[in-house]
Amino acid sequence: MTTSKQSLGQSLQTPVLSWLVRDAPEYEARKQRTEFTPPTISIKEVHAAVPRHLFEKSTAKSLFYVGRHIALSVLFYVFATRIDRLSHSIIGSLGLSASSRTLVSWALWGLYWFWQSVAFAGIWTLGHECGHDALSPYTWVNVVLGMALHTWVLTPYFAWRITHRSHHKGTNNLARDETYHPFTRTDLKLPDAAHATPMDYKELIEETPLYTLFKMVIRQFLGFQLYLIHNRKGNPKYPPGTSHYKPSSKLFKPQDRTSIIVSDIAIGCMLAFLAVWSYRTSFGNVWRLYFVPWLWAHNWMVMFTYLQHSDPTVPYYRDKSWTFARGALATVDRPVFGWVGRFFWHGIAHDHVAHHFFVNIPFYNLPQVTEAIKPVLGEYYCYDSTPTLYALWRSFTQCTFIEPDGDVVFFKNQRGEALREYRAPDIVTDTSRPGEKAVTADANREDEDEARALKLAGL
């Protein structure tokens, strides 16, 4: 049996589609650097490269972007309410038979569902910006906007804001990161690497492409809500019953409980609104106008958040080797869906590396920040222009598990193979302090950098 990636690739290798199923040159270049030495770039160096004016937030400018986005979403809604009349008009003007009406109607609904789902994912993205206090220098503006935007797409604002900030404080730190936590060899009950055979991997974790696709669909459409409800794919350090809706959850501190209750009440109000809307019209009406694009929006949200940190060439760290800068650099910038991602999703995938270094810089300044810090980051800046859907399939099928030990680890595929491996940095003796090593000084410097980064980012 071939692997999922090979099967998919072979089935799509045609002159028309081959360009959609290819690894980008940037990805290929990282693959060639098979030995990985963790970066020693300091936060001070990165921060110094960014012009001061890019840290400034404009409430008026942010409100313009929010207002424009909401206006487009409303226009999509208005379009949907006129689909029946549009179907009649199109059939009449083109001289089509009455039996064609269903086909035309479905085509128009499909058009609405796509663009409204894109808009809903953008609403969630703007709420994400509010959670970082990145839209306005006034906290209350961020809170009001964030509550409204996230509640509309059924995301508990304060609860997710807290755990998402924890993600930023411990990105790709296996002890501290909050979501998309990878399985280990032990979790999958695989023999240790020294004794595992190809048959072990084939019997225990190899899947057919169809089953992989099924799992992928479940995760894409339901994964985020399942994470909120019961910590699915969250950090396993939390006990069973962990939930973003539970004020006493270990995800939060005691002082957070009032905020969690407020988020829960807001979600309850939104569900009540949807129930009243369904009662006054019909559930089918609400399903078509709200829930279908809402589900598809979750697909987009999971897609771009998963691809930001889950990649065969990106490392995970354990506490001993992790620093804030290394976590921020375990991030991939991707031009997800080109102008659609830039315009509707406000560049959340395009400039995610810069966002991880400076979470409270407004999204409209991040393209300039990205360009400013690239020379400092050098080869450690990760960019990947691989076609989005293929990159998603590649990560889903190749990012299978990590080893349960090791300071720096990379994903292994269903054959137990990793594209890169950790290479320990050379240890240089500090001649000014006999018996001690320069690496100790580097570690101390990185500890200072982490504290400085958290302060600069407002975390």
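Contact means heavy atoms within 4.5 Å. This is a predicted model: local features need pLDDT of at least 70, side-chain atom pairs count only at pLDDT 80 or more, and totals for chains, interfaces and linings use all residues. Residues are numbered from 1 along each chain as its sequence is written, and side-chain values use heavy atoms, with hydrogens and water left out.

**Overall picture**

- The protein has 18 helices and six strands. Helices (H or I, at least four residues) and strands (E, at least two) are DSSP runs, numbered from the N terminus.
- Of the 459 residues in the protein, 52% are buried. Buried means under 20% relative accessible area, exposed means over 50%, and partly exposed lies in between (1.4 Å probe, protein chains only).
- Take the contacts in the protein with a separation of 6 or more: 72% of them come from residues 24 or more positions apart.

**Where H4 meets H5**

- Phe79, Ala80 and Thr81 in H4 touch Ile83, Arg85 and Leu86 in H5.
- The residues of this contact are four nonpolar, one polar and one charged. Ala, Val, Leu, Ile, Met, Phe, Trp, Tyr, Cys and Pro count as nonpolar; Asp, Glu, Lys and Arg count as charged; the others, Gly among them, count as polar.
- The axes of H4 and helix H5 (residues 83-94) come within 5 Å and cross at roughly 60°. That angle makes H4 oblique to H5.
- Axes are lines fitted to C-alpha atoms, for helices over the stretch in contact, and angles run from 0 to 180 degrees between N-to-C directions. Under 35 degrees is roughly parallel, over 145 roughly antiparallel, 65 to 115 roughly perpendicular, and the rest oblique.

**Helix H11**

- H11 covers residues 257-280, which is 24 residues. The expected span of a helix is 1.5 Å times one less than its number of residues.
- Ile260, Ser263, Ala266, Ile267, Met270, Leu274, Trp277 and Ser278 of H11 are buried.
- The buried residues of H11 pack against helices H4 (59-81), H7 (139-152), H8 (157-169) and H12 (283-309).

**Positive phi angles**

- Most residues other than glycine have a negative phi.
- Asn231 is not a glycine, yet its phi is positive, about 65°. Asn231 sits in the loop between helix H10 (209-230) and H11. With 10% relative accessibility, Asn231 counts as buried.
- Phe337, also a residue other than glycine, has a positive phi near 55°. Its place is the loop between strand S3 (332-333) and helix H14 (339-343). At 26% relative accessibility, Phe337 counts as partly exposed.

**Aromatic pairs**

- A search of the whole structure finds 43 aromatic pairs. Rings of Phe, Tyr and Trp (its six-membered ring) pair if their centres lie within 6.5 Å; planes under 30 degrees apart are stacked, over 60 edge-to-face, and the rest tilted.
- Trp124 and Phe224 form an edge-to-face pair, 5.8 Å centre to centre with 85° between the planes. Trp124 lies in helix H6 (residues 101-131) and Phe224 in helix H10, so the pair ties together parts that are 100 residues apart in sequence. Both Trp124 and Phe224 are buried.
- The ring centres of Trp296 and Trp300 are 5.9 Å apart and their planes are at 40°, so this pair is tilted. Trp296 and Trp300 both lie in helix H12, four residues apart, about one turn of the helix.
- Trp296 is partly exposed at 38% relative accessible area, whereas Trp300 is buried at 6% relative accessibility.
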